[in-house]
Amino acid sequence: RSSDLPTPPTMIGVPISLNEKMQVPWGRVMVPGIEGFLQTGMKDQPTPRFVIDGKVKQKNREAVVAIAEKTEELLNTRSIYRGQAIKVSFAWERDGRNFDPTEHCPKYIPLTGVSEDDLIFGSEVSNALKIGLFAPIEYAAACRKYKVPLKCGVLLYGPYGVGKSLTATVAALKRVKNSFTFIYLESVLDLKKGLQLAAQYAPAIVFAEDIDRVIEGGRSLSMDSVLNILDGCDTKGGEIITVFTTNHVENINPALLRMDRLDTLV
């Protein structure tokens, strides 16, 4: 009974689609038959994830373990984010704020009105996109069968208004066929966290604009961290397609442009 708690849990509305919300408890709760409390929360270290913790009697350990295992099963089979197109920001963490589930949770991306027919490119660009970006999404099963890696990187570069963001949106549309999760990062500064999140929802596409904001000029700790992830240290064997854009390819450090880090430059 939440009324028995010093600080009752808050009922919050969590979006489960573009137009639906579900009311869920956030904070401490008491479970019938279990002495003590459980509480829901969010942790960002070492990777962003939903957590259940609490304090209960040792005799209730088995029941709590069962709750945790059931929760993990539901996250794996009925996740509200897996296979969806979502927008994510970790600005709250960068700003030193606590996670607010109503303000900081992922947002669903509306894709109505977007069509692949809106992409108008020459044959060279079209072929590069089909081979380097769209084919791994559309033919994921065949890639797995013939051992073609589904961990790859794509850089879309060019001046403003040439269709870079629209191309990524079309990739989000194509995700449906093979249940990819599409993660749009509101800031490229969240790239590391975004890739860690994608590893939990793979197969996934991570889209980050203006990559030159992080990787430019001389080598830095920030750049080395990003290169580490792209080299597979943190996402080794994962089915993650990273799509970057830049208006200033000339500012990007050549270390990122190596073919073993970015497979396709368009």
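Me: How do the residues lining the second largest pocket divide by class?
Reply: Five are nonpolar, two polar and five charged. Keep in mind that this is a predicted model.

Me: What volume does the second largest pocket have?
Reply: About 190 Å³.

Me: Which residues lie nearest its centre?
Reply: Leu189, Asp190, Leu191, Lys192 and Lys193. The lining of this second largest pocket has twelve residues.

Me: Which helices supply at least two residues of that lining?
Reply: α2 (91-94), α7 and α8 (221-230) each do.

Me: Back to Lys193. What does its side chain meet in a salt bridge?
Reply: Glutamate 93, at 3.8 Å from N to O. Lysine 193 sits in helix α7 and glutamate 93 in helix α2, so the pair ties together parts 100 residues apart in sequence.

Me: Is lysine 193 buried or exposed?
Reply: Buried, because its relative accessibility is 11%, and the cut-off for buried is under 20%.

Me: How many salt bridges are there in the whole structure?
Reply: A search finds nine. One of them joins the side chains of lysine 70 and glutamate 73, with 3.5 Å from N to O.

Me: Where do lysine 70 and glutamate 73 lie?
Reply: Both are in helix α1. They are three residues apart, about one turn of the helix.

Me: What about glutamate 103? Which residue does it form a salt bridge with?
Reply: Arginine 97. The closest N and O atoms of that pair are 3.7 Å apart.

Me: Switching topic. What volume does the largest pocket have?
Reply: About 1,600 Å³. Its lining counts 46 residues. Trp26, Phe50, Thr71, Leu75 and Ile80 lie nearest the centre.

Me: Which elements give two or more residues to that lining?
Reply: On the strand side, β1 (10-15), β2 (21-26), β4 (36-43), β5 and β6 (85-88). The helices are α1 (61-77), α3 (101-104) and α7 (191-200).

Me: Which one gives the most to the largest pocket?
Reply: α1, with eight residues.

Me: How does the lining of the largest pocket split by class?
Reply: It has 32 nonpolar, ten polar and four charged residues.

Me: Phe50 and Leu75 came up near that centre. What do they form on the surface with Ile52?
Reply: A nonpolar patch. Phe50, Ile52 and Leu75 together have about 240 Å² of accessible area.

Me: Where is isoleucine 52 placed?
Reply: In strand β5, residues 49-56. Isoleucine 52 counts as partly exposed because its relative accessibility is 37%.

Me: One more. Where is phenylalanine 121 found?
Reply: In the loop between β7 (107-108) and α4 (123-138). Phenylalanine 121 is partly exposed, with a relative accessible area of 28%.

Me: How far apart are phenylalanine 121 and glycine 163 in sequence and in space?
Reply: In sequence, 42 residues. In space, the C-alpha to C-alpha distance is 8.8 Å.

Notes: Residues are numbered from 1 along each chain as its sequence is written. This is a predicted model: local features need pLDDT of at least 70, side-chain atom pairs count only at pLDDT 80 or more; totals for chains, interfaces and linings use all residues. Side-chain values use heavy atoms; hydrogens and water are left out. Patches are made of residues with over 30% relative accessible area and no salt bridge: like charges are joined within 9 Å, nonpolar side chains (Val, Leu, Ile, Met, Phe, Trp, Tyr) within 5 Å. Accessible areas come from the Shrake-Rupley method with a 1.4 Å probe; for residues, only the protein chains shown count as cover. A salt bridge is a side-chain nitrogen of Lys or Arg within 4 Å of a carboxyl oxygen of Asp or Glu. Helices (H or I, at least four residues) and strands (E, at least two) are DSSP runs, numbered from the N terminus. Buried means under 20% relative accessible area, exposed over 50%, partly exposed in between (1.4 Å probe, protein chains only). On a 1 Å grid over the protein atoms alone, a cavity is a set of points where a 1.4 Å probe fits but cannot get out, and a pocket is an open set with protein on both sides within 12 Å along at least five of seven lines; lining residues have an atom within 4 Å of a point. Grid points are joined across faces, edges and corners, and a volume is the space filled by probe spheres set on the points. Ala, Val, Leu, Ile, Met, Phe, Trp, Tyr, Cys and Pro count as nonpolar, Asp, Glu, Lys and Arg as charged, and the others, Gly among them, as polar.
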